[in-house]
Each structure stands twice: as C-alpha cells, then as structure tokens.
Amino acid sequence: MKFFFTVRITVPLLLIPFLLLAQSEQRTFQGVPVRGFVIDHWGMNQGLPQNSVNSICQTWDGYLWLATYGGLVRFDGVQFTVFDRFNTPGMKADRCTGLYEDTQGRLWIGTESGLILYAGGTFKTYLSEDGLPSDLITKVIEDHRGVVWALTGGLPAYFRDDRFYTINPVRSGRGMEQMLLDNNSFLTWGKSRVFAIKGDSAFVVMEPKDFERLGGDLRDIIRDKEGAVWVALSPGGVLRFTPGRLKRFRTENGLASRYAHRLFLESNGDVWVATYEGISVISKDSVISITRADGLVDGQVNTITKDREGNIWVGMPTGGLHRLRRGLFKVLAKEQGLSTEAILSLCQRRDGSLLVGTSCGGMYEIWNGKVEFSALNRLTTNMCNWSVFEDSKGRIWLDASGLVLIERNKTKTFDTINERVFALYEDRKKRMWAGTANGLFYLAEEKGQQWKRIEGLSNNDVRALHEDSRGNLWVGTVAGLNKLAGDSIISFTAIPGLASHYFRSIHESEDGTLWFGSYGGGIVRLKNGRFSVITTREGLFDNIVSHIVEDQFGGFWIGCNRGIFRTSRRMLDDLADGKLQRITVQSFDKADGLRNVETNGGFQPNAIRIADGRILFPTIEGIAIVDPRDLQTNSLVPNVVIEKVYTRAGAFHPDSLPEIEHEDATLEIQYTALSFVNPQKVFFKHKLEGEDGWSETRTLRSAFYTSLSPGTHTFQVVARNNDGVWNEEGATVKLVILPPYWMTWWFRTGVALTILSISVLLVNLRFRSLKQKTIRQEEISQRLIETQEQERTRIAREMHDSLGQELLLVKNRAQMGAQSDDPKARRQFEQISSLVSAVLKSVRQISHDLRPPELDQLGLTETLRSLHESVRDSTTITVSEHLENIDGMFPKESEINVVRIVQEGLNNILKHSAATEVLSNISIQDGTVIILLHDNGKGFDVKGINKQQKAGLGLTNIRERVRILGGTFAIDSSPVKETAVEIHIPLSSSGSQGVNRR
C-alpha cells in the first residue's frame, strides 16, 4: 500500500451533518461532564420522528438538518420541523440516508427511493428514470468543477441539465498511485471500491481485494492538512498513512471498537471516529473514547460532524441525536470520591491541597488529583462542617456546631462559642475572627485562647468578614453591614436603593473599591464613601449574590441560586459611575458542565481562587471548577430567520406571503435564531413598525397580533446569542392587511356620496322648510300689518264719523249755551266748548295718525309733505325735505307702509336724537325709491342692531315694513356721531306699474 504515502485526497466527507431536535426541559443526560465534554441528547420523546439519525448537515443559513428513517428534520436548537412525503410536495420518500450541501447552497437528500433536491424552498425527487443507475443512494459529492455526483448501485452519475448521466468506470491505465496524485482527480467510493473522478470519467483505483490485506471493508476516507490519509475499516479499525509510515488504531490502543465506519476531521487536527461501540477521538496518537458508560444513549454511531460554533453532533441508528461540548466547568462529585455533594466551605491550605467542608458529610482533602475523606474527621465528633479554615500557623479552625481548633492532631473546643460558626477569618495582625449565629468574636488572648464578643452590631447573625486595605474590618450580617474602625462601629442598615440588607460576601478590588454581595439586593459598590446598588434591572443575572471572586483578567465570577455568571469589573464600575445604563453578563448552567446550578452561600471561606488561577465554587452537587483561561466567547452572529406566518387563512412562508384579508388578520409570526452553543440563552426583541415598540422575550419564538389596522406593516425581529453578540439587522417581513369592505375606497366613496346626497336633500328640505316658514311668517306679518292698517282706518273713520260728530254736536250745544244771559252759566258753557274743541282736535289728530286722510284724498307725495309740515309745526327742530313725486309708484295697499316708514323715522329722531336739524330726502334712482333721513343729533350703537340684538319698536317696525316692500335698510351711526338712515325700495318689488320722474 505504498501508494498511500503520497496520496493527495481532495474529497470531503461522504455525508455532511444534518438536523437537530427540540425542547430542553426533557433532555436526558444534560450537563454530564465526560472527559472534558458535556453531552446533551434528543430522541423521539423530545420530538424526533425516529431515533435513527443517519446523517447531519449544517446548511449556509445555520440550520441543522437530520436524515432519519422518519423523514427529513430541520433543527434550530430548540424546536424542529419534520418534512416527509405526506406534508411536503416534491418528496417521494421518507427513509433518508444521507445529506450533502453543494457550493450553490442546495441540499441533496439521499434516500432508499431516490435523490431529493431542496433548493429555493421547494423539493424535487430524482429517480432512475431521471438518469440515476439506482434509486438507492449511497453517497453524494461535488467535484472541483462544482459538478454534483451521486453514487448509487455501485456506479457514479453526474448531474447536468436537471438530470443525471451514469458513468461506467474503467480501470485506471496510469496506475492507482498516479491517479491519486492527480490534482484534477476526485476520490469517492462505494461498495468497497474507490473511484477517481476526472472530468466526466470515472476510474477504479481500489477494489475489495486491496482492502482485504488491510483487514476489512473500506467505510470512509479523509485527508488531513498535513497530507496524511485516514481510512476507516470495518472491522479493521482506523489506519493513518503518512510518507514512510502506516499507523493502525485498534481497541488495544484505545479505539472504542474495531468496526469504524465514519471519520470527521476537526480544525485542530483531531480525528473523530464513529464506531459500533461509541466515539473515539484521536489526537496526536492518543485515543480517548466516549461510550455508553460516559453518557451516550447508544453505542453504535452513524455520523459525526461539527457546527460553526464548535459543537460536535452525533447521530445514532437507535440512540437519536447527541451534542458534545467541551464543558467550561469541571465538577468534583461522588464519581470522584465525595460521599456527599452538598459543599459549604472551601479552603486552600498552605501545601496547596484543598480542604472541603460539607453539610453533615464530614471534611475532605483533595491533593494530587485524589479526593480523600480527611483524617481530621477522627478528631471531631460532628460531621456538619459549615466553615473550615487554615490559619497562617497551619492550625485548622472549623465549625462543628461550635468552634473547633485542630492543632498537632489535638482538638480543642470553646465554651464561649458553642453555636454555628458561619465565617472564619484571620486579619493582618494574625488575629482570628469567628462570625456565628449569635455574634462576632475575636481571639483576644492567644495563649489563653480567650474569645471576646463584639457588641453593637446591626445584627448578631454574621455571614461575611473582610479587612480592607485601610485596616477596617467589614462585617456582613443578615440585617445590615458594619464597619469596625478602631474602637468604633458604624452600621449601614438603610443603604439607598438596596432591597435586602442581608450580606453574604465581601470582595476588595486592587484599587481599594469594596464590593458586597447581598441576598436579594444585588451587588453594592462602595467607592469614595458612596454606595451604588446594581441589580437585575441593570443587567445582573440574579439579585442573590453569594460569592464574588475576581479572576486574573479583571472579571468577576459570581455565584448565585440560578448558577454562576461572569461580568467585567470595569463594566460594573462604569455602570456605578453613570457611564453605562446596563451591563452584559455571561451566565453558566448545566450546559456548561455544572451538575446543579445552585451554589451554596452564607459561609466563609467558600468560593476561592487558587494559586494556578482556577476558581472553585461550592454547590449543592459538588465542587465546580473553572479555569478563566478556558473561557471562550461565542462571537458568531446568530442568523435570525422568520420561518412562518400563520393567519386564519393558513400558514405561509415569509417570501410567499399574500395580502391578508381583514377577517384573516389574526397573526402568529414564528421566528428563530440559529445558535447551538446554548440556544436557551438566545434573547429576542421584535417590533411591528408603526404599531408598537420593541418587545423582549427569551423563551417564546413567536409573536402574536389580533387586531392589526389595515395597511402595510413591517415586522422585525433581532436576536443575540448566549454571549451577548447581537444580530442588529435581524429579519423582517412585510404584512399587507387589506381593509374590510367598509374601509375600501369604493365603499367610502359610495357612503360619502350617499351621505352627501342625503345631506343635500336634508339641507334642501330644511332650506325649503325655512323658506316656507319665512314666507309664512312674512305673509302673517304682512297680513298683520295690513289688518293693523285696516283696523286703524276703521278706527279713524269711526272716530271721525262718530266720535268726531258727537263731539262737534256737544261743542255746538255748548256754544249755544254760552249765549245764555246767566253769566255763571255762560262761563261754564264756554269752558265746556273750549274743552270739547281740544278733545275734538286730539280726536282728529289721532284719526289722522291712524290713517292720514290726505293719502286717500291727495296722494302719497302730498301725504308725506303734510307729514313733514306737521313735524315742523310741532317742534323747534329745523326740518328740511326734498320730495320727488312718487305718486302711483306703489300699490295703494303699500303706500301706507311708505308713510309709516317715514313717520317712524321722524318720530325716532324727535324722541331720541336731540338733533337741531333733520334732512329728509325721497328720490327715485334706477327704478329704486331711496328714502334718506339724516340728523345732526347723538347717535347710537349700530352693532347691536346688526347682530340682531334687542332693538326698539320703531326700528323693528321700519325694518319689517321695508322687508314687506322688498327693500333694504341701513343705518350709519355711532354714539359719538350723527345718524343716517338709508332705505332702498325697488319699484318692481313694490308692484308699481311705472316710474314717473320730474
């Protein structure tokens, strides 16, 4: 087999990795540390359609795909989707055997009944009628030209123009070694034959007889970066060929099984081997095997691959899917020799060994990689050691339901301290302190070993002690923080913003800043005399802070009830100084190697940093050990994908989402972020632009909307991975919500037109109603005035014809009586005659005012002239008039209105104006009679008249008569100037038959 020494194989693995599965709550073997690895498992109980995982492939978009006998499965780290021939058009087979993604991002799925191509969201199945030599697919691969080859029925076929072309391979005429050295050749295999592909030709370079000498059937071949060729044989194990050397790996040198059938090459050069009895990792000639005893559900392994984040994925024929991660934490527990796992106190001794105090399980010592039940347990009768401590003199102090001192294999107890000891501490003066459930004590007399109690603490239940760089002793109790400075005690029981004053841990950083961990109140920083409180509101992982340990890189490792988390001291300082609004943390749990996330706090010493930089935490299930140098940040930006949009009309892919009817606009939008390191710690934010702000979620990977308004909305989701690396762009989908029919333009237009038509009709009806009402009011008013004038005429006639005649008779009789010879009687009759004359004159004046007789006898013009004469004779006001002849201009029944207008106007002037001159002008211009009354007296406020406020009876009478005549009425006046009244009466409106002009 010398040809292997110079072999240059350019082939990738036969089948590329595939899909994963779901829900973390039901995972088995979660968080089991195995030789540096943490194993997680998914099976049918977690949602796999079958436990047969034949191939695994991570595609360009970040999804993991699994080939199973129950269909094709897509996995995002939390949930999975199954594609089969019943729910997926284009798939004609469910029994999937292999997966391969080509350079174009197309996924090829080999099955027992054809080859399926998944591209652009659609599936298509190729069968023997499409050029394949057989429907049973054993391998898919791509050559250096980008041509896809399928190996089926022992024959290769290449894909071109949407079909396959089968090649009958021939024996290489140039020899196997030369063919393998050819850079243009491409190596593949099938049914124990190895083919070299060059162009569209296939050459047989190895046959079964070649493998018989190696001890088994060829199952897989890879070539590493150094040019070595690795071959998996069944049952021949694994062979590595390098120039001049052949190395065989079998069970004798650590291989899990002789039956090796898959190889996977890591970037660091390690080779992973899938066997029938587990997994083997070959690293520089050393072999580590992982079997069922280490946590694998099944021994037989089908396939191994690695994702972009460094997770190793393993598929089994009956054991489902496994994920192997190099755990950050190593845990010492029962498997390593601890009989109890409830660890309370940790102390590194001067010789470098570790002293461990447990909850009623005794003390343990760890040294040289061994865990031993301490011989010190023989010196004490109580196994509940809640705190253990070695002082600078090598003496062991411990809690055993009271303080115990072990020195030179002798035990001493103290009557002064006979209760639980939670904290043991030695200050710079080598003085010992003991914090108990009933007070703080210090060793006052070394020789006599006398302990004295400190009085005046905020509470006597002491949990944490620390001497700062200034020599002050800080005491943390369950109800307040205390500082012992010399002989004084200062208690802090009301720190602003602190929710809990139960203090569990104290740490001082190199700059002298003090950090306090509280039980429920977060972290408290004391710097330059100022307290600052940092809680989960500012990004802290938990408000219970039991331990604070600083690593060599300036990071704080913090133990709490929810696990262990790390953050930067500088970031905490920036937050406390107001330079940041929120901090970021890295949290660790079972997925990082912890057996149990809860740490034990309230005891001292507990979490410690040992000499080599590793940090140890006491937990309720063992000692958690972390080396900060092993911490790796997941810097891969998670790909965010919107998978489905569900409406009442069905489920749609975001790229083919139709316009959504209003009645179907109850939406569920499913999204995911493809990160597999710790998918439960992926954090999402989503929003619907124009509708809401950012909503944050960790567990849900769906957004729900029930009442979206019509229009175009953009849904956006972003995510960050477990280490806080954000994909700020995220994924978006446009949602077009169609309006309901009552919100469409045509409906609204129709409604608007209908409303407009109804409004016009109503306005028209209202206008007609008002007009008719106005006409009726005008008719009533006109009839009322006409009736009034008729009544006046009747009364005037009655007064003139009846009352006037009777008064005249009385006057005549009185005059006759005045001729009497009796002087007394004559005087009486003369007085009666005089009174009757006056009454008769008044009657005639009233009769004249009620109906001027001149109007019927002399005409309108002379009546108006007589009216002016009467005004002149009855007042000292100078009355000037200019009257054009308007006789015959108005109907007879309308002439009295003209007279009343002028009469009321003159009366108003006489009564209210206090004028000395009045100008009255009646003229005819352009078919209009113009009446102008102007006086030089005091005016009045016209605005009230124009706003139709309450007016005098005279003006109201004038306005109504002008309206009856169809004219207009205007007043120009103000309280500080004279008044002009101008009336225009069109002759056509008055019913005149013509206009006579002088």
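User: What share of the 998 residues of the protein chain counts as buried?

Analyst: Of the 998 residues, 53% count as buried. Buried means under 20% relative accessible area, exposed over 50%, and partly exposed in between, with a 1.4 Å probe and protein chains only. This is a predicted model, in which local features need pLDDT of at least 70, side-chain atom pairs count only at pLDDT 80 or more, and totals for chains, interfaces and linings use all residues. Residues are numbered from 1 along each chain as its sequence is written, and side-chain values use heavy atoms, with hydrogens and water left out.

User: How many helices and strands are there in the protein chain?

Analyst: The protein chain has 11 helices and 70 strands. Helices (H or I, at least four residues) and strands (E, at least two) are DSSP runs, numbered from the N terminus.

User: Among contacts between residues at least 6 apart in sequence, what percentage joins residues at least 24 apart?

Analyst: The figure is 54%, with contact meaning heavy atoms within 4.5 Å.

User: Why does Val287 count as buried?

Analyst: Val287 has 18% relative accessibility, so it counts as buried. Val287 is found in strand E26 (residues 286-290). Leaving aside neighbours within four places in sequence, Val287 is in contact with Phe249, Asn253, Gly254, Leu255, Ser280, Val281 and Ile282. Gly254 is 33 residues from Val287 along the chain, and their C-alpha atoms are separated by 5.3 Å.

User: What makes helix H3 mostly covered?

Analyst: H3 (residues 569-576) has 8 residues, and 6 of them are buried. These are Arg569, Leu572, Asp573, Asp574, Leu575 and Ala576. The buried residues of H3 pack against several strands, among them E48 (514-518), E51 (547-550) and E53 (563-568).

User: How do you know that strands E35 and E36 pair, and in which sense?

Analyst: Two strands pair if DSSP finds at least two bridges between them. E35 (residues 388-390) is joined to E36 by 3 bridges, and the two run antiparallel. In E36, Trp397 is the bridge partner of Phe389. The two strands form a hairpin with 5 residues between them, and Gly394 in the turn has a positive phi of about 85 degrees.

User: How many bridges join E36 to strand E37?

Analyst: There are 4 bridges between E36 and E37 (residues 403-407), again in the antiparallel sense. Ile406 in E37 is the bridge partner of Ile396. This hairpin has 3 residues between its strands, and Ser401 in its turn has a positive phi of about 60 degrees.

User: Which way do the residues of strand E36 point?

Analyst: Ile396 and Leu398 point one way, Trp397 and Asp399 the other way, and all are buried. In a regular strand the side chains alternate between the two faces of the sheet.

User: What makes E11 and E14 the edge strands of their sheet?

Analyst: The sheet is open, with 4 strands in the order E11-E12-E13-E14 and antiparallel pairing. E11 (137-142) and E14 (163-166) each pair on one side only. Neighbouring strands are turned by 30 degrees against each other on average, direction ignored; axes are lines fitted to C-alpha atoms, for helices over the stretch in contact, and angles run from 0 to 180 degrees between N-to-C directions. Within this sheet, E12 (residues 148-152) and E13 (residues 155-160) pair over 4 bridges, and Leu151 has Pro156 in E13 as its bridge partner.

User: Why is Trp742 called partly exposed?

Analyst: Trp742 has a relative accessible area of 44%, so it is partly exposed. Trp742 is found in the loop between E65 and helix H4 (745-817).

User: Which residues form a nonpolar patch on the surface?

Analyst: Tyr741, Trp742, Trp745 and Trp746 form the patch, with about 590 Å² of accessible area together. Patches are made of residues with over 30% relative accessible area and no salt bridge, where like charges are joined within 9 Å and nonpolar side chains (Val, Leu, Ile, Met, Phe, Trp, Tyr) within 5 Å. A salt bridge is a side-chain nitrogen of Lys or Arg within 4 Å of a carboxyl oxygen of Asp or Glu. Accessible areas come from the Shrake-Rupley method with a 1.4 Å probe, and for residues only the protein chains shown count as cover.

User: Why is His662 called partly exposed?

Analyst: The relative accessible area of His662 is 26%, so it is partly exposed. His662 lies in the loop between strand E59 (650-652) and strand E60 (667-674). Not counting residues up to four places away in sequence, His662 touches Pro710, Leu738, Pro739, Pro740 and Trp742.
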